[in-house]
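Visitor: I am new to reading protein models. Could you walk me through one, feature by feature?

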Amino acid sequence: MNFNAKVKKTFDTGKLKAVFDVTLEDEFVIHEVKLIEGQKGRFVSMPSEKWSGEQGRVRRVDIAHPLNAKARAALFAAIEDAYENHLKNISENENTIKTN
């Protein structure tokens, strides 16, 4: 499965590192996919919404998500690559500005 991730916004502080739009096979897009820094490393958080369940319990439910480990790994790799490339481009641009 081919995923293409585009960085929409990055954050310098906090656990939320970036928000992405992810395109699947150039035919389907998922907005608001998040890259989060957790205690055991980075992970992807899919877009979700709140649902009220039995006895008034509120929980978050993913709107879209990978169905297997292979798809999850491919999605994470696309997001991680896009994020790292984005950071590299920012660093290169800062170095260009400082040297000029």
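Visitor: Which classes of residue make up the lining of the largest pocket?

Guide: A pocket is found on a 1 Å grid over the protein atoms alone: an open set of points where a 1.4 Å probe fits, with protein on both sides within 12 Å along at least five of seven lines, while lining residues have an atom within 4 Å of a point. Ala, Val, Leu, Ile, Met, Phe, Trp, Tyr, Cys and Pro count as nonpolar, Asp, Glu, Lys and Arg as charged, and the others, Gly among them, as polar. Here the lining has 11 nonpolar and 2 polar residues, with no charged ones.

Visitor: What should I know about the model itself?

Guide: It is predicted: local features need pLDDT of at least 70 and side-chain atom pairs count only at pLDDT 80 or more, whereas totals for chains, interfaces and linings use all residues. Numbering starts from 1 along each chain as its sequence is written, and side-chain values use heavy atoms, leaving out hydrogens and water.

Visitor: Which residues lie nearest the centre of the largest pocket?

Guide: Met-1, Leu-24, His-65, Pro-66 and Leu-67 do, out of 13 lining residues. β3 and α1 (69-99) are the elements giving two or more residues to that lining. Helices (H or I, at least four residues) and strands (E, at least two) are DSSP runs, numbered from the N terminus.

Visitor: How do β3 and β4 pair?

Guide: Strands pair if DSSP finds at least two bridges between them. Strand β3 (residues 28-38) and strand β4 (residues 41-45) are antiparallel, over 5 bridges. They form a hairpin with 2 residues between them; Gly-38 stands opposite Gly-41, and Glu-37 has Arg-42 as its bridge partner.
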